[in-house]
Amino acid sequence: MSITFVSESRTFYLDGKNITYAFFIDPHDIPEHLYFGARIPHDDLMHIRAYGGGTFDSTLPGEDTHVGYGLLAPEIVQYGIGDYREPCVQIQNAGGDRICDLRFTGFDILPQKPAIPGMPSMDGGETLVLHLADALNGFAADLYYTVYDDADVIARRIVYRNEASVPVALRRAYSFTLSLPGQDYEILTLYGAWAKERHMERIPMHHGVVSIDSKRCSSSASLNPFMGVLSTGATETTGEVFGFSLVYSSSYTLKAEGYHTGETTVTGGIHDFDFTWQLGAGESFATPEIVIAYSSEGIGGMSRAYHDAYRNHLINKRYVNTNRPLLINNWEGTYFNFSYEKLAAIVDAVEGTGIDTFVLDDGWFGKRDNDRSGLGDWIVNENKLDGGLRRLIDYVHSKGMKFGLWFEPEMISEDSDLYRAHPDYAIGVPGRPRCYCRHQYMLDLTRAEVRDYIVNAVNTILHENPIEYVKWDYNRNVTDNFSLGLPAERQMEFAHRYALGLYDICERIVEANPQIFFEGCSGGGARFDPAMLHYFPQIWTSDDSDAEERTMIQYGTSIVYPLSSMACHVSICPNHQTGRTTPFATRADIAHLGATGYELDTTTFTDEDRAAAAKQTEEYRACQNLILQGDLYRIDNPMESNFFSEAVVSKDKNTAILLCYRRMGSVNNDVKRVRMAGLDPAKRYYVRELDKELSGAVLMQIGLVPRFARGDFMTVKYHMEVR
Ligand code: GLA
């Protein structure tokens, strides 16, 4: 039993793998938080409720005693009833007031976690549904909690319900409130930009609100929908760490608030900026899920909790643990400038390298000779691709390889047949000039007829051609937020309706093509979020394919996302983004810490390159299972040092790899010890590169001394196994 209700104290204990979450229903029917952290026995916890406070604290509505919401740690913070923290919910009743007071009315324990209709979420087992209702206005909320026996996370979300006979406006509808004791924390975020995704930033917690958000109708490269709350000074391996990862792809916010009670309250979900949802009588509104992780073993422990949770319960089950295509993508090799002959030559040139999939990137459809035209016209451009798609696909197949194709389904070019026929499909306010981005507009996914067009156009290509792989791109963010399909009073539903429209087309395209492997992309990794991973088992991590910069991007991405979700390619040098030259072997070693591939013009390969690529792919295949399914241990952080080291250890702790990278070579400063992590100290490991057996204890306590070759950007890799 993972969920226990003790009726005498009205306390709920939710036990996960190594965690416990506890709260109780107080005498006023308010669910009050007690504890979230390492697994504890089901002791009575009432002594921790302190109820401090002073004269400016208000009472509970209608009860002139000393107890008020502001002194409690409710499971949901509400507005207008004496709690001045960031509310989790704010409604506007038909009469204009914004007050609600949700109290406990009952609960259900479900053996199986229900899915959220129309939105991706984790699957899972036992789930507590806590029912709350306002006795006066018919507003109600169901708080969902799911714990897992194989991951140290709890999944939470709320369904808001209007049980009144009149509409209510939801002005804010976050997914959770969680109070953490004390304020001695640092906040960890993953900020970035195009080609600089998911870099780590730590800031001290303070009184007031620390918040992150996106107003882009996309989870964005600017700030990933994740917030870490770290005990001050927590490291990769030490300290208590809480993680908050939102399973959502549109505008969001996450906030941590240092309140005068001495606690830190975390909340968030769908962004309430530019949001109001009209909830008609009898209607309900489901929030996206927040996945809250706990680790007593530092940031690394939290990451492994997320990796397990997302691999086991969120990412497309058909593909999460299967070997990935080892592909050649033509984008950096040709950009828009290709012909059938050129592509066939790229395919010919990979013969013998072990590369097994060819992915045709942007430029194959409509009048797409550059990025100013063609988006929306998902019809092959036979002028460019002589013989059509089929000829190329057949050729790729004749070489024993699989075929992949690029789409950008959510977009429309002004210079396209689609735009000429349906200018109204593009997002924008009639009569007002729209913003371009990469010379393109966005399709209004809030409208059913637009979604139907996209699904039909993409599925037609996929059904008419034997395609095994799709790269789904998204190269700009929403501007001119307005839909011709929504009445004026519903325009502020746009950002969330965009997300629902996106999930709808993903569902209808991904599910209609179960034989196809889908990769996500967003001008690099600008929509790298848990919701997208539900459909796309891997996502292009960044348009920055420079091995040096990738160490930081991949390190930061792994804070939440497993290596199996990161698409990483070996590209040409000098690198197209940074102009830097790094060794071929280094590029492969860094790119092989993920779902790998190549992205260059292989017709420039020398025999030596081809032989090197063949060796690289052979090595990758030999440890692909480890990369996809193993436990990640980050050892050296390239954002803080001249080194980047990561180890991946199999679940049974019998095999491991360790990759060490040194950025700058230097004279007389070369001795670097890298202490392995994650091994079983009692087991003995054969270290292939040393031709020597060492105990896990020695490998972890003393470590290894990688002998980097002279020069910059060098790697050393170790393979270890129990024989
Ligand atoms: C984005 C992607 C690239 C490539 C181009 C094509 O930038 O991230 O990998 O597909 O679009 O236009």
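**Ground rules.** I number residues from 1 along each chain as its sequence is written, and my side-chain values use heavy atoms, with hydrogens and water left out. Because the model is predicted, local features need pLDDT of at least 70 and side-chain atom pairs count only at pLDDT 80 or more, while totals for chains, interfaces and linings use all residues.

**Entry 1, the ligand.** I looked up the shell and found 13 residues around the ligand, taking a residue as near if one of its heavy atoms lies within 4 Å. The closest are Asp361, Asp362, Lys471, Gly524 and Asp543. I sorted the shell into six charged, four nonpolar and three polar residues; here Ala, Val, Leu, Ile, Met, Phe, Trp, Tyr, Cys and Pro are nonpolar, Asp, Glu, Lys and Arg charged, and the others, Gly among them, polar.

Next I checked distances to ligand oxygen atoms. A polar side-chain atom of aspartate 361 is 2.6 Å from one, and a polar side-chain atom of aspartate 473 is 2.9 Å from one. For asparagine 475, an N or O atom of the side chain lies 3.2 Å from a ligand oxygen. Of the 300 Å² of accessible area that the ligand has on its own, the protein covers 96% (Shrake-Rupley method, 1.4 Å probe).

I found asparagine 93 in the loop between strand S5 (89–92) and strand S6 (103–110); strands are DSSP runs of E, at least two residues, numbered from the N terminus. Is asparagine 93 buried or exposed? Asparagine 93 counts as buried because its relative accessibility is 12% (buried is under 20%, exposed over 50%, partly exposed in between, with a 1.4 Å probe and protein chains only).

Leaving aside neighbours within four places in sequence, I saw asparagine 93 in contact (heavy atoms within 4.5 Å) with Ile99, Asn137 and Val168. With asparagine 137, the side chains make a polar contact at 3.1 Å (N or O atoms within 3.5 Å; within protein, one able to donate a hydrogen and the other to accept it, and residues adjacent in sequence count only if both atoms are side-chain atoms).

Definitions and conventions. Helix = DSSP H or I, 4+ residues; strand = E, 2+ residues; numbered from the N terminus.
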